[in-house]
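Dear colleague,

Please find below the structure that I am handing over to you.

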Amino acid sequence: MTIRCQWAESNDLMRAYHDTEWGVPQHDPRMLWEMLMLEGFQAGLSWQVILNKRAAFRAAFAGFDPAAVAAFGDADVERLMADAGIVRARAKILATIRGAQIYLEMGASGFHDFCWGFTGGKPVVSDGTQWLATTPLSERISKEMKRRGFKFVGPTIVYAWMQAVGIVEDHQRDCFRR
C-alpha cells in the first residue's frame, strides 16, 4: 500500500498531482510563474477546482506564455470573463496580466533567481509533522512580491505555491514522496 500525504487521497486527480508534481523542485521560470498565477486563482476556492480547470486555464491564457498574456487587453479580459471553463474573477484576471508584465520586466532567469534566491536555490525541508498555512519566509516573499506589483500573493497563497513548486519540501513524514 502506497502511503501519501493525507490531503492527496480524495480522488485520482489529486493523487496524480501529488505523486508527480506537488513538491517537486520546479526550475522552469515559466512554470514557476504559471503556478503562482494558478495559486492566486485558487484563493477562496479549493485546489481541486483549479486542477479540474487547469486545461481550460492554459487554453484561456495562451498556455501561460507570459509575453502573450502581458499583451492582453480589454477584449481579452471580457473574453476571459465569459469563459465558464475558468474562475471568472476580474481582479484575478487583471492580476495575471499584470503578473505576466512583471515576469517580463524581471526576465525569465531573473524571475527564477528571485523565486529560488530566498532559499539559496535549495528546498526548505520541513519535519513532515506540522501543517502550516504561512511561515516567516512566505511572509517575506509575499511582501517582496507585493512590492514588485504582484497581486493575490498573500503569505498563505505564497506558502501553498512554495509547497507546490518544491521550494518547500512539505510531504508528510510517512509519505512515499518524502
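H2 and H6 cross in a right-handed manner (a crossing is right-handed if the near helix is turned clockwise from the far one by less than a right angle, and left-handed if anticlockwise). The helices named here are DSSP runs of H or I with at least four residues, numbered from the N terminus. The model is a predicted one, in which local features need pLDDT of at least 70 and side-chain atom pairs count only at pLDDT 80 or more, while totals for chains, interfaces and linings use all residues. Residues are numbered from 1 along each chain as its sequence is written, and side-chain values use heavy atoms, with hydrogens and water left out.

The axes of H2 and H6 lie 10 Å apart, at an angle of about 160 degrees; axes are lines fitted to C-alpha atoms, for helices over the stretch in contact, and angles run from 0 to 180 degrees between N-to-C directions. H2 is therefore roughly antiparallel to H6 (angles over 145 degrees count as roughly antiparallel, under 35 as roughly parallel, 65 to 115 as roughly perpendicular and the rest as oblique). On the H2 side, the contact (heavy atoms within 4.5 Å) is made by Pro29, Arg30, Trp33, Met37, Gly40, Phe41 and Gln42. H6 contributes Lys92, Ile93, Ala95, Thr96, Gly99, Ala100 and Tyr103. Eight of the residues in this contact are nonpolar, four polar and two charged (Ala, Val, Leu, Ile, Met, Phe, Trp, Tyr, Cys and Pro count as nonpolar, Asp, Glu, Lys and Arg as charged, and the others, Gly among them, as polar).

H6 also packs against helix H5 (residues 74-81), with axes that come within 10 Å and cross at roughly 135 degrees. H5 is thus oblique to H6, and their crossing is right-handed. Val77, Glu78, Leu80 and Met81 of H5 meet Arg90, Ile93, Leu94 and Ile97 of H6. This contact of H5 with H6 has six nonpolar and two charged residues, and no polar ones.

A further pair is helix H8 (residues 136-148) and H9, whose axes are 8 Å apart at an angle of about 110 degrees. H8 and H9 are therefore roughly perpendicular to each other. In H8, the residues that meet H9 are Leu137, Ser138, Glu139, Ile141, Ser142 and Met145; their partners in H9 are Pro155, Val158, Tyr159, Trp161 and Met162. By class, eight residues of the contact are nonpolar, two polar and one charged.

On a 1 Å grid over the protein atoms alone, a cavity is a set of points where a 1.4 Å probe fits but cannot get out, and a pocket is an open set with protein on both sides within 12 Å along at least five of seven lines; lining residues have an atom within 4 Å of a point. Grid points are joined across faces, edges and corners, and a volume is the space filled by probe spheres set on the points.

One cavity of 30 Å³ or more is found in the whole structure. The largest cavity holds about 50 Å³, and its lining consists of Leu36, Met37, Gly40, Phe41, Lys92, Ala95, Thr96, Lys151 and Phe152. Helix H2 (29-42) and helix H6 (90-106) are the elements that give two or more residues to this lining, and H2 has the largest share, with four residues.

The largest pocket contains about 450 Å³ of space. It is lined by 21 residues, of which Trp7, Trp22, Leu132, Ala160 and Gln163 are the closest to its centre. H9 gives the largest share of the pocket lining, six residues.

Yours sincerely
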